[in-house]
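Student: I would like to learn how to read the features of a structure like this one. Please show it to me, and then we can go through it.

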Amino acid sequence: MKLYYSPGACSLSPHIALHEAGLAFEPVMASTKSHKLQDGTDYYGINPLGYVPMLELDDGTRLREGPAIVQYIADLAPTKNLAPANGTLQRYRLQEWLTFIGTEMHKGYSPLFNPNMPEEAKTIFKDKLKSRYEWLDGQLADKQYLMGEHFSVADGYLFTVTNWTKPTGVDISAFANVQAWHARVAARPAVQEAMKAEGLLK
């Protein structure tokens, strides 16, 4: 398999999932700025949408969209418990979390990376994100991870977008449960391995 990624982007989520699952894969850097691979290949020729992540399977099939990719990875390694079994209520809980992170968190950060976005508008998006983190803080009050005691692919996705608080100036210092959860995820060996591979940790 090949994972097309850009350092620190949302593709860190499946990168973490692959390390957690212990699966063999080839990481391929695809710059979100130049939209080229390191050998100069035009990434638009691989993914016409131009963004990461994209997972290319051994037979050449390509899978887009982070939440779909991480569930696929989790299902390849069922003994790792990265996702509940298909058809169970808990699996739908996982999908509930992935949807929330994608639509309420991930998309909330996107305008903050836009250099043309007025500061007044950025303040509105930051306030909305802080309200979501306030809710998350309550959800994590009696849990080690989003789904309970076990790390899931939803934690990897939320960890990835929460890493964007620093470059965007979203202040989550008031949310102790979120910060404790973030530190817990950051300490996982597979998470550190993925971050080192992307040059995010030394």
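This is a predicted model: local features need pLDDT of at least 70, side-chain atom pairs count only at pLDDT 80 or more; totals for chains, interfaces and linings use all residues.

Student: Which residues other than glycine have a positive phi?

Tutor: Most residues other than glycine have a negative phi, and most peptide bonds are trans. Here, histidine 35 has a positive phi near 55°, and asparagine 81 has one of about 55°. Histidine 35 sits in the loop between S2 and S3, and asparagine 81 in the loop between H2 and H3.

Student: How many residues of H1 are buried?

Tutor: Ten of its ten residues are buried, and H1 is mostly covered. Among them are Leu12, Ile16 and Leu18. The buried residues of H1 pack against strand S1 (2-5), strand S3 (54-56), H2, helix H5 (153-162) and H8.

Student: What does glutamate 20 touch?

Tutor: Glutamate 20 lies in H1 and is buried, at 12% relative accessibility. Not counting residues up to four places away in sequence, glutamate 20 touches Lys80, Leu82, Phe151, Arg188, Ala190 and Val191. A polar contact is a pair of N or O atoms within 3.5 Å; within protein, one must be able to donate a hydrogen and the other to accept it, and residues adjacent in sequence count only if both atoms are side-chain atoms. Such a contact, of 2.8 Å, joins the side chains of glutamate 20 and arginine 188.

Student: How many salt bridges does a search of the whole structure find?

Tutor: A salt bridge is a side-chain nitrogen of Lys or Arg within 4 Å of a carboxyl oxygen of Asp or Glu. The search finds six. One of them pairs arginine 91 with aspartate 75 at 2.9 Å, N to O. Arginine 91 lies in helix H3 (residues 89-109) and aspartate 75 in helix H2, so the pair ties together parts that are 16 residues apart in sequence. Arginine 91 is buried at 2% relative accessibility, while aspartate 75 is partly exposed at 36%.

Student: Which residue forms a salt bridge with arginine 132?

Tutor: Its partner is glutamate 104, with the closest N and O atoms 2.7 Å apart. Arginine 132 is in helix H4 (residues 119-139) and glutamate 104 in helix H3, so this pair links parts 28 residues apart in sequence. Within H3, glutamate 96 and arginine 93 are three residues apart, about one turn of the helix, and their side chains meet in a salt bridge of 3.0 Å, N to O.

Student: What area is buried between domain 1 and domain 2?

Tutor: Domain bounds come from an automatic or database domain assignment, which here gives domain 1 (2-81 + 191-198) and domain 2 (89-188). Buried area is the accessible area (1.4 Å probe) that two parts lose on being put together, summed over both. For these domains it is about 1400 Å², of which carbon and sulfur atoms give 60%. In domain 1, Cys10, Gln71 and Val191 lose the most area to domain 2, together 31% of what that side buries. Between the two domains, the count is two salt bridges.

Definitions and conventions:
Residues are numbered from 1 along each chain as its sequence is written. Side-chain values use heavy atoms; hydrogens and water are left out. Helices (H or I, at least four residues) and strands (E, at least two) are DSSP runs, numbered from the N terminus. Buried means under 20% relative accessible area, exposed over 50%, partly exposed in between (1.4 Å probe, protein chains only). Contact means heavy atoms within 4.5 Å.
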